[in-house]
Amino acid sequence: MSALTRTPATYGAGSKGRVPSRGTASVIAFGAPLACIALIALLAPLLPLSNPNAQVLSEALRPPAWLEGGDWSSPLGTDQLGRDVLSRLVFGGQLTFVIAFTGMVAGAVPGILLGLLAGYRRGWVDAVISRLVEAQLALPFILVAIAIIAANGRSLPILVAVLALVGWAQYARVIRAETLSLRERPFVLGLRCAGVPTWRIMLGHLLPNLAGSATVLATLQMGTIVLAESALSFLGLGVVAPDISWGAMLAEGREQLTLAWWVALLPGLAITAVVLLVNLFGDALRSRFDPKKRSF
Amino acid sequence: MIRLILSKTANAVLTLLIASSLAFFLARGSGSPVREILGDSATPEQVAQLTAELGLDKPLIVQYGQFLLDLVSFDLGDSLRYGQSNLELIAGRLPASIELALFALLLAVAVGVPLGIIAAMREGGVVDRIASMLALLGQSVPLFWLGLMLILLFAVRLGWFPAGQNDGIDSLVLPAVTLSTLPMAQIARLTRSSMSEVLHEGFISAARARGLAGWRIILIHAFRPASLPVVTIVGLQAGMLLSGAVTVEYVFAWPGLGSLATQAVQTRDFPLVQSIVVFGALVFVLINLAVDLLYGLVDPRIREDA
């Protein structure tokens, strides 16, 4: 009964040939636009854009070009200080991507290593790490971020460190669970019998087997981090002028909401689009690596 | 059951202890907040005085001991700015926060659960696709931005609802809708996957074979077992709402805990910030504990495992 109602995609790994490259297709379909956006943002200084911080007060709050009063010299309009919104979006995207990527790596590395250690060594190491993970997950993220930033001031390294805190516990939890089942496999026993040192088993043999889950998790975490960064910058706790990020732009747009909706609308759309693409890309990667875990 | 209660409670207390310690060391171990509180223009005497007042001149381990002692005696210290105890300030803001979280959660369940059930009934159908897209969108949109856009549309343009602050049920609508987005998406996702699992079980086929009405099978035979994981996520979301509420409360000027936290940061009221973090962890742990115990009450298998 159940086999008949299943869609082809939910068949196990054994039927790979029957659903050729559907996973790969969606990985590319969501990955390519994401890569384009990231590329445009990273190449911002090379593009023919006006200086994102140049203030032309006489041009302030000009609407996007296709609306009445708009001008193609600033296609997406200007903000309250007459700065070009398109240029700010692209440059803001640059910092948003850089922060999201470094924050992701800064959380992934300790998280994965601790998860490996806990899952492979078991015993007290596992007990300590698992407790820490549970405690970290019990702390409301925004509040912790607020506490840390309140005590240390605002700066990019602190922002990245705070964002790393969002992620490490998630990695540790998932990687630990996978390591627990992986370590019972015969090949690990074989390696142990052959006298391979523990660290080499963990890093050279277990880690490659966990790469799939880690990649999926890291991708999905990028989305979470973009949202977290934008929330912190929106509250005035993250990126501050003259640096630009989409969250910081939103904070400024909030002040002009009734006068100039485009200043707040556009960065939010950018964030939503990127996070949506990241999530779709992550889901596509997941079904590519493990068709059984597919859900909607 | 008593063993379950004892072990889960001990677990919760331990988690809370570690979480508070984490909060303490993350915030205080990393540097002195005095400079941040007083600003760059402070004289060395002022810095020294405030450092002594806050007890920051003592060794870290002594500070930590004091922090734990205060915690055990439910003393969260005094606010720097308001001249009130932190606990009083938190208690004053709590009702508004609970009101908002409760309405958001009700909305999330009222929409998310039926959406998930309908999506699971016709896997791959139109509703399923739309629901999955909505759920994904709900997880990708920055809540505070959604709030701003709702204000723009429904408060500024259409004038249907007030844009902020708490006066009457009208002002609750926009913030509650905004805050419910994320839990709604997750509840819909989980209900759908949990329901679709149960609908593939043999006893559902058996119920169909016996000729029971379709809605009866869905609501009574399938949804009851499928609702267990949903209960868990609802509980987890209740704790998480506190965290998400910070930005939403800020956008709508909602006088709850979240805006207290942002105000505390803006006025550099460091002890208050720390108290709110610890309190947030307490709420989260307590809700988790309640969910765990409820689970044990509903599902006998868990009672025996403990």
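Predicted model: local features only at pLDDT ≥ 70, side-chain atom pairs only at ≥ 80, totals over all residues.
The size of an interface is often given as the accessible area lost when the parts come together. Here, chain A and chain B bury about 4700 Å² between them, with 75% of it on carbon and sulfur atoms.

As for polar links, seven residue pairs are in polar contact across the interface, both partners being at pLDDT 80 or more. One salt bridge turns up between the two chains: B:Arg189 pairs with A:Asp283, and their closest N and O atoms sit 3.6 Å apart.

Now for the holes. The structure holds two cavities of 30 Å³ or more. The largest has a volume of about 40 Å³, and its lining includes B:Ser97, B:Leu179 and B:Glu249. Both α5 and α10 of chain B give two or more residues to that lining, and α10(B) gives the most, with four. The lining of the largest cavity splits into six nonpolar residues, one polar and one charged.

The second largest cavity comes in at about 30 Å³. A:Leu143 lines it together with B:Leu242, B:Val246, B:Leu257, B:Gly258 and B:Ile276. Here the elements giving two or more residues are α10 and α11 of chain B. This lining has five nonpolar residues, one polar and no charged ones.

Key. Residues numbered from 1 in each chain as written. Chains lettered and ligands numbered in written order. Heavy atoms only, no water. Buried area = accessible area lost by both parts, 1.4 Å probe. Salt bridge = Lys/Arg side-chain N within 4 Å of Asp/Glu carboxyl O. Polar contact = N/O pair within 3.5 Å; in protein donor to acceptor, adjacent residues only side chain to side chain. 1 Å grid on protein atoms, 1.4 Å probe; cavity = no way out; pocket = protein on both sides within 12 Å on 5 of 7 lines; lining within 4 Å. Points joined across faces, edges and corners; volume = space filled by probe spheres on them. Nonpolar A, V, L, I, M, F, W, Y, C, P; charged D, E, K, R; others polar.
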